[in-house]
Amino acid sequence: MHGFVQTKTAVEQSVRREGFYTSHKHFSRSSFFCSRAESAPAHTQVTPTIEPLFQNIALYIQRETHLKMKTHDNVIFITGGSTGIGLSIAKTFLHSQNTVIVCGRDEKKLARARQAHPDLHTLQCDVTDDGDNKRAFQKITSEHKGLNILINNAGIQYNYNLYDADVSPEKIQQEIDTNFSSLVKLTTMFLPTLMKQPEAAIVNVSSATGIVPKQNGAVYSATKAAVHSFSSVLRRQLAKSSVKVFELFPPVVDTEMTKGRGGDKVSPESVASQLIRSMKDDQYEIPVGRVRWLFLIHRISPALAAKIIQKQA
Ligand SMILES: NC(=O)c1ccc[n+]([C@@H]2O[C@H](COP(=O)([O-])OP(=O)(O)OC[C@H]3O[C@@H](n4cnc5c(N)ncnc54)[C@H](OP(=O)(O)O)[C@@H]3O)[C@@H](O)[C@H]2O)c1
């Protein structure tokens with residue numbers, strides 16, 4: 001019984017570390033292992049009928065003893081936090097007693113955010129510029145001791161077919177640099193500082209299109225697939241450190257990015273609330289709203305999921 005609980009606890013820890021999307025694979029593999037009594041070590045052998053009961057007990061113990069991510073008294077840097085999802089995340093964290101610094105390229109947008117939220121710290125920085133990033137890092141770490149959360153949110157999206165006349169190498173490069181290269185560089189730059197903290201986190205704002213790519217967003221979807229891959233590996237690399245790695249998958253959100261697009265959109269505030277709830281619960285992969293169903297459908301029928309995302313795009 002004790003051995004089994006240990007095994008199930010390890011599985012549950014893996015579920016929490018690996019999150020919603022990837023955990024299913026881990027859990028299935030482990031369930032498979034546990035059900036094969038012949039090849040499993042003696043301490044993992046259980047009668048299949050009582051397995052659900054043991055599983056629930058194990059989950060309960062694991063939940064009660066696990067150290068959850070705190071969502072107050074943090075020092076948080078959010079890239080692209082002057083509008084949209086980034087600003088909503090900033091507001092939500094400000095309300096729960098955190099120090100929040102946001103960056104963006106446009107000083108006017110930053111000034112508007114500052115005016116609406118006087119506690120907010122702002123910083124002009126283009127994340128695709130290595131010099132800007134270095135200056136931002138130095139300013140943040142010298143002025144705000146104890147930085148422990150980095151939220152890589154800045155992103156842009158162009159919708160086009162690759163045969164369209166106005167596709168330029170610059171446009172392609174800008175999308176890759178903003179959505180992916182800068183995220184990797186900033187993570188690498190901030191990691192030594194984060195690792196010194198007793199509790200720290202990196203949140204990468206990803207997209208459902210990273211799992212189910214959309215037709216008119218070939219480059220955008222590819223950058224988000226890269227964010228997903230990077231986040232998964234980073235989480236494993238940091239598994240024994242104090243840094244937790246979260247990945248947020250918003251649905252279509254009512255922001256500047258989706259302006260002019262029809263369909264059902266959720267508010268950026270609802271995305272921010274879901275992020276905080278999931279961080280409190282150490283849920284590392286966070287599909288928001290409809291995305292949860294989309295991922296489930298994608299497991300069963302990738303073709304159907306592709307059709308659904310086409311309708312939403
Ligand atoms: N909206 C959606 O439906 C949706 C769905 C899934 C995922 N997402 C992701 O969510 C994130 C936020 O998107 P959003 O919808 O909130 O978009 P948004 O309203 O357009 O906000 C984007 C933010 O990023 C900043 N930004 C853009 N390029 C930057 C750069 N090079 N350096 C620094 N800051 C930069 C913008 O400020 P400046 O322009 O002043 O630089 C702005 O603050 C993105 O990663 C996006 O891919 C959005």
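## Confidence along the chain

Over which residues does pLDDT stay under 50, and how many contacts beyond four places in sequence does the model have for them? The stretch is residues 1–12, with 24 such contacts, a contact being two residues whose C-beta atoms, placed from the backbone, lie within 7 Å. The pLDDT is also below 50 over residues 14–20, where the model has 22 contacts beyond near neighbours in sequence. Here pLDDT is the predictor's confidence in each residue, from 0 to 100. For the chain, the mean pLDDT is 85, and 79% of the residues reach 70 or more.

A word on conventions: this is a predicted model, in which local features need pLDDT of at least 70, side-chain atom pairs count only at pLDDT 80 or more, and totals for chains, interfaces and linings use all residues. Residues are numbered from 1 along each chain as its sequence is written.

## Around the ligand

Let's turn to the ligand. It is surrounded by 31 residues, and the closest are Gly80, Gly84, Arg105, Asp106 and Gly155; a residue is near a molecule if its C-beta atom, placed from the backbone, lies within 6 Å of it. Sorted by class, this shell holds 15 polar, 11 nonpolar and five charged residues. Nonpolar covers Ala, Val, Leu, Ile, Met, Phe, Trp, Tyr, Cys and Pro, charged covers Asp, Glu, Lys and Arg, and the others, Gly among them, are polar.

Helix 3 (84–95) and strand 2 (99–104) each supply at least two residues of the shell. Helix 3 gives the most, with three residues. Helices (H or I, at least four residues) and strands (E, at least two) are DSSP runs, numbered from the N terminus.

Strand 4 (residues 147–152) is largely enclosed by the rest of the structure, because six of its six residues are buried. Buried stands for 20 or more other C-beta atoms within 10 Å of a residue's own, exposed for 12 or fewer, and partly exposed for values in between, with C-beta atoms placed from the backbone.

Strand 4 runs parallel to strand 1 (residues 75–79), joined by four bridges, and Leu147 is the bridge partner of Val75. Strand 4 also pairs in the parallel sense with strand 5 (residues 200–205), again over four bridges; there, Leu150 has Ile202 as its partner. Pairing requires at least two DSSP bridges between two strands. Together with helix 6 (residues 169–195), strands 4 and 5 make a right-handed β-α-β unit: with the strands pointing away from the viewer, the path from the first strand over the helix to the second runs clockwise.
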